Amino acid sequence: GIPVLGFCYGQQIMAVTLGGTVGHTEKGEYGPATITRQGASRILDGTPDIQTVWMSHRDAVSRVPEGFTVTSTTDVCPVASMEDASRNLFATQFHPEVRHTPFGNELLSNFLFKICGLSPDWTMDSIIEDSIAAIRAQVGEDRVILGLSGGVDSSVVAALCAKAIGKQLTCVFV
């Protein structure tokens, strides 16, 4: 019941995992490609019936799993996108997350706000304050040991924890 959106290999793995098939296309698609919508689509809602997207594949879904419908195609790719709206499963062979897919942001917006029901009230300005508040609420009066590798991820976590809980934090270099 949790909405899922897969891109590129994510579409292929979704298809195979749920009973569809993936085959090798005669010709690869690398770079801009033109998709044509095939009927109604929750994920492509509000985008043009014919649009340019960014592809990067040689293999593609050749048969969708039971319950899925093909929502777009290209001259090379028989399943450029597919969905099983009743199970909230959506997938594209193309990459909506790149700037080379002009309507990619609309597709992502459809998924996040119309399908997942999220509210578009998050901002970069609030992430630090929200993270610090969440850490303080979870830790309470307890102490935290943090494995710090020096990489970006653990360093950011260490900085946030230090702001949130101060001397309750002990970092261990790993």
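Author: Happy to. Keep in mind that this is a predicted model. As for contacts in the protein chain between residues at least 6 apart in sequence, 65% of them join residues at least 24 apart.

Reader: Nice. How many helices and strands does the protein chain have?

Author: There are four helices and eight strands in the protein chain. Read from the N terminus on, the order is β-α-β-β-β-β-β-α-α-β-α-β.

Reader: And the radius of gyration, what is it next to that of a compact globule?

Author: The protein chain has 21 Å, whereas a compact globule of 174 residues would be near 16 Å. The C-alpha trace spans about 60 × 35 × 30 Å along its principal axes.

Reader: What share of the residues counts as buried?

Author: Of the 174 residues, 39% count as buried. The accessible surface comes to about 10000 Å², and 58% of that belongs to carbon and sulfur atoms.

Reader: Okay, rings next. How many aromatic pairs does the structure hold?

Author: It holds one aromatic pair. The partners are Phe90 and Phe111, in an edge-to-face arrangement with 6.3 Å centre to centre and 75 degrees between the planes.

Reader: Which parts does that pair tie together?

Author: Phe90 lies in strand E6 (residues 89–92) and Phe111 in helix H2 (residues 104–115), so the pair links parts that are 21 residues apart in sequence.

Reader: Are those two buried or exposed?

Author: Phe90 and Phe111 are both buried.

Reader: While we're on that strand, where is Thr92?

Author: Thr92 is in strand E6 too. Thr92 counts as buried because its relative accessibility is 0%, and the cut-off for buried is under 20%.

Reader: So what does Thr92 touch?

Author: Leaving out residues up to four places away in sequence, Thr92 touches Gly6, Phe7, Cys8, Gln11, Ala80, Ser81 and Leu107. For a sense of distance, Thr92 and Gly31 are 61 residues apart in sequence and 15 Å apart in space, C-alpha to C-alpha.

Reader: You mentioned Cys8 there. What is its phi?

Author: Cys8 has a positive phi of about 55 degrees, although it is not a glycine. In general, most residues other than glycine have a negative phi.

Reader: Which other residue has a positive phi although it is not a glycine?

Author: Asn88 does, at about 60 degrees. Asn88 is found in the loop between E5 and E6, and it is buried, with a relative accessible area of 17%.

Methods. Residues are numbered from 1 along each chain as its sequence is written. This is a predicted model: local features need pLDDT of at least 70, side-chain atom pairs count only at pLDDT 80 or more; totals for chains, interfaces and linings use all residues. Side-chain values use heavy atoms; hydrogens and water are left out. Helices (H or I, at least four residues) and strands (E, at least two) are DSSP runs, numbered from the N terminus. The radius of gyration is taken over C-alpha atoms; the globule rule is 2.2 Å times the number of residues to the power 0.38. Buried means under 20% relative accessible area, exposed over 50%, partly exposed in between (1.4 Å probe, protein chains only). Contact means heavy atoms within 4.5 Å. Accessible areas come from the Shrake-Rupley method with a 1.4 Å probe; for residues, only the protein chains shown count as cover. Rings of Phe, Tyr and Trp (its six-membered ring) pair if their centres lie within 6.5 Å; planes under 30 degrees apart count as stacked, over 60 as edge-to-face and the rest as tilted.
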